[in-house]
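Trainee: I have a model open and want to learn to read it. Where do we start?
Mentor: Let's bring it up and begin with a pocket.

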Amino acid sequence: MTLPDYDVVILGAGLAGGLLSRQLRLSQPELRVACLERATETSYKVGESTVELFSNYLIRKLGLQTYLYENHLPKNGLRFFFDNEQKNAPIEKMSEIGSFGLPFHPSFQLDRAAFERELRDSGSKLGAEILEGCKVEDVEFGDPHHTVTFREGGSSRSVTTKWVVDATGRSSLLAKKLGLRVPETQHKCLASWARLGNVVDLDGPDIDAEWRARTRNTSRRLATVHFMHRGYWIWLIPLRGGVTSVGIVGDTKHVSRELLTQAGLRDFLHSHSACRDLVGDAEWLDFGAYGQLAYGTKQ
């Protein structure tokens, strides 16, 4: 029987594809792994705030502890602020829920652009074939091997593989090909976000000393901060280098689709006194939005 070109072909070298290619090469270095990625550059993405279980996987399974501590921020859990109905309460006067110290189990605030670049580079060093600038054109399922056709450098190429893994995220290449995508009719929520520079430091010297003392020796800035409102929340997530991820997740019954524009998000943030005080003079580095955040497949 003819051997396939690869044991595993992964479609997409974002977070999921990069993690899987690293795990496969670490756990079974004899596997021939190819990872096909359309983009040649990595970029900011939502999903910066990790949970402890995921961080445990990154540290124990993938051996990334030193890299994470040297290149990303530790996460000081979750912190919630509750505004009044007029949205004009100073942050010092809001009800607040949060910890007094760093969590026992580590987690991180990830710069996704830097992290995904590290996964691609380290995966390649481990022996995975990371092919960037490749657009997958078709997947033909067969027995015993499948065929993946993609365009690379202006020409078309086909490879055979024992396994195909779809790590294309929202693009859902295989789910769409097989008719597995299903419309989401109940969970109607949108999301809008940006990365900002020069957001006010919640631990900085200009912060009210009495309010700062309420958290004892811990950090508010290092937390994933939420401003909670009926039908939506606003998040602030710190990233290394003075960048802050700011965004909103909201039920479409409670928030306008004007949020799907940068101007709409800016105006919405400025309509909340505490958020306006934090981001009013910030530099906008990027912007993104999903009109329908939730999606699903049959299997």
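Trainee: How much volume does the second largest pocket have?
Mentor: The model is predicted, so every value is computed from it. The second largest pocket has a volume of about 210 Å³.

Trainee: Which residues line that second largest pocket?
Mentor: Its lining holds Phe82, Asp83, Asn84, Glu85 and Lys87, together with Met228, His229, Arg230 and Tyr232. Sort them by class next. Four are charged, three nonpolar and two polar.

Trainee: How much space lies in the largest pocket?
Mentor: About 1200 Å³. Its lining counts 42 residues, and those closest to the centre are Lys45, Arg112, Gly169, Arg170 and Tyr290.

Trainee: How does the lining of the largest pocket divide by class?
Mentor: There are 21 nonpolar, 11 polar and 10 charged residues.

Trainee: Which helices and strands each supply at least two residues of that lining?
Mentor: Helices H1 (15–27) and H4 (112–125) do. So do the strands S2 (33–37), S8 (134–140), S12, S13 (224–229) and S14.

Trainee: What about cavities? How many are there of 30 Å³ or more?
Mentor: A cavity differs from a pocket: the probe fits inside but cannot get out. By this rule there is one cavity of 30 Å³ or more. About 60 Å³ of space lies in the largest cavity.

Trainee: Which strand gives the most to the lining of the largest cavity?
Mentor: Strand S14 (residues 232–239), with three residues. Leu236, Ile237 and Pro238 are among the lining residues, as are Arg221 and Thr244. By class, the lining has eight nonpolar residues, one polar and one charged.

Trainee: Now the sheet. How do strands hold on to each other?
Mentor: Strands of a sheet pair through backbone hydrogen bonds, either parallel or antiparallel. Here, seven strands form an open sheet with mixed pairing, in the order S5-S4-S13-S14-S15-S12-S16.

Trainee: Why is one side of S5 and of S16 left without a neighbour in the sheet?
Mentor: Strands S5 (95–97) and S16 (283–290) stand at the edges, and each has a single partner strand, so one side of each has no neighbour in the sheet. On average, neighbouring strands of this sheet are turned by 15° against each other, direction ignored.

Trainee: How many bridges join S12 to S16?
Mentor: Seven, and the two strands run antiparallel. S12 covers residues 189–197.

Trainee: Which helix lies across S12, S14, S15 and S16?
Mentor: Helix H7 (residues 262–270). H7 runs at about 105° to S16.

Key
Residues are numbered from 1 along each chain as its sequence is written. This is a predicted model: local features need pLDDT of at least 70, side-chain atom pairs count only at pLDDT 80 or more; totals for chains, interfaces and linings use all residues. Side-chain values use heavy atoms; hydrogens and water are left out. On a 1 Å grid over the protein atoms alone, a cavity is a set of points where a 1.4 Å probe fits but cannot get out, and a pocket is an open set with protein on both sides within 12 Å along at least five of seven lines; lining residues have an atom within 4 Å of a point. Grid points are joined across faces, edges and corners, and a volume is the space filled by probe spheres set on the points. Helices (H or I, at least four residues) and strands (E, at least two) are DSSP runs, numbered from the N terminus. Ala, Val, Leu, Ile, Met, Phe, Trp, Tyr, Cys and Pro count as nonpolar, Asp, Glu, Lys and Arg as charged, and the others, Gly among them, as polar. Two strands pair if DSSP finds at least two bridges between them. Axes are lines fitted to C-alpha atoms, for helices over the stretch in contact, and angles run from 0 to 180 degrees between N-to-C directions. Contact means heavy atoms within 4.5 Å.
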